[in-house]
Amino acid sequence: MDTAPTPPARTSVPGTQAIARAAHLLRLVTAAGAEGAAAGDLARQADLTRPTAHRLLSALRQEGLVDRDDATGRWLPGPELYLMGTVAASRFDVTAIARDIVRSLAVRTEESAFLSVRRGDETVCLVREDGSFPIRSHVLSEGVRFPLGVASAGLAILAFLPPEEVDAYLERHDDLTEHWGIAHSPARLRTRVADTKARGYAVNPGLIVEGSWGLGAAVFTRSGEPQWALSLTGVEFRFGGVRLAELGRILLAHAHQLSTRIAGR
């Protein structure tokens with residue numbers, strides 16, 4: 001299934017179309033990670049003609065924001081992004097204080113554990129730590145984005161937003177069913193949001209990749225906003241019955257620990 005990030009909702013401001021298109025391409029390139037992405041794939045995912053995509057990518061390359069492997073023709077994140085990221089990290093990055101908690105979660109559960117952050121109407125994976133169980137799910141890794149409500153991390157965040165924000169999100173993204181299947185219709189998402197709030201953590205029963213389950217728990221800012229999420233992924237038979245409840249308990253404990261640490265930072 002195509003997991004390309006969707007552009008966040010934005011108001012129309014005259015003269016900004018090129019910036020919006022370039023920003024979308026930049027997100028697609030970073031989401032592709034170290035393997036990079038072909039120009040044709042980027043153009044298709046961004047809904048641009050190939051000449052337009054190439055022109056924008058070339059401009060971004062000139063500014064150092066993307067790079068191109070001349071041997072493969074694939075586009076990669078550029079060096080200027082690293083410099084920008086180091087400056088922005090002092091305000092936005094919590095990976096330094098979260099990494100040991102993510103690692104502990106992977107050790108305790110033996111599953112793959114993740115930290116994701118909310119970015120607009122998406123979640124972006126920041127940290128991955130693999131557990132000791134030899135069979136793993138590869139749905140999620142650093143840099144991968146999903147719309148809120150699709151992966152377990154995004155569902156956990158969506159569930160703890162104010163009801164009016166949930167309503168507005170579903171109105172903005174009435175195409176989730178088209179891209180992610182009938183399980184992501186507004187009615188079914190509302191049911192999963194309610195279940196998540198009641199349970200305390202989100203459950204994704206193989207809705208992205210069949211047989212790959214996920215659990216997610218929201219992590220809150222000092223003011224109580226769900227800004228991050230811890231999550232677990234693994235194969236279906238590892239997420240059933242009594243063990244599911246035990247995994248949820250461990251996940252919630254680690255999410256609470258991280259929320260407390262962030263509040264005291």
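What follows is a set of questions about labels, each answered from its cut-off.

Reply: First, the ground rules: this is a predicted model, where local features need pLDDT of at least 70, side-chain atom pairs count only at pLDDT 80 or more, and totals for chains, interfaces and linings use all residues. Residues are numbered from 1 along each chain as its sequence is written, and side-chain values use heavy atoms, with hydrogens and water left out.

Me: What makes T196 buried or exposed?

Reply: Buried means under 20% relative accessible area, exposed over 50%, and partly exposed in between (1.4 Å probe, protein chains only). T196 comes in at 1%, so it counts as buried. It lies in helix α9 (residues 186–199); helices are DSSP runs of H or I with at least four residues, strands are E runs of at least two, and both are numbered from the N terminus. Contact means heavy atoms within 4.5 Å, and leaving aside neighbours within four places in sequence, T196 is in contact with L155, A156, A159, F160, Y201 and A202.

Me: Why is helix α6 called largely enclosed?

Reply: Eight of the eight residues of α6 (residues 152–159) are buried, so the rest of the structure largely encloses this helix. Among them are S152, G154, I157 and L158.

Me: How do you know where the buried residues of α3 sit around its axis?

Reply: The buried ones are T52, A53, L56, L57 and L60. They cover an arc of only 125° around the axis, so they are on the same side of α3; the arc is taken from the directions from the helix axis to the C-beta atoms. They pack against α1 (17–32), α2 (39–46), β1 (66–68) and β2 (75–77). The face turned away from that buried side carries the exposed residues R50, P51, R55 and Q62.

Me: And what span is expected for α3?

Reply: The rule is 1.5 Å times one less than the number of residues. Helix α3 (residues 50–62) has 13 residues and reaches 18 Å from its first C-alpha to its last, close to the 18 Å expected. Just after α3, G64 takes a positive phi of about 80°.

Me: What makes D47 worth a mention?

Reply: D47 has a positive phi of about 60° although it is not a glycine. It is in the loop between α2 and α3, and with a relative accessible area of 71%, D47 is exposed. E110, in the loop between α5 and β3, is another residue other than glycine with a positive phi, near 70°. At 33% relative accessible area, E110 is partly exposed.

Me: Why is the pair F160 and F220 called edge-to-face?

Reply: Rings of Phe, Tyr and Trp (its six-membered ring) pair if their centres lie within 6.5 Å; planes under 30 degrees apart are stacked, over 60 edge-to-face, and the rest tilted. Here the centres are 5.8 Å apart and the planes at 85°, so the pair is edge-to-face. F160 is in the loop between α6 and α7 (163–172) and F220 in strand β7, 60 residues apart. F160 is partly exposed at 27%, and F220 is partly exposed at 25%.

Me: What puts R199 over the face of Y201?

Reply: A charge sits over a ring if NZ of Lys or CZ of Arg is within 6 Å of the ring centre and within 35 degrees of the ring normal. R199 lies over the face of Y201, at 5.6 Å from the ring centre.
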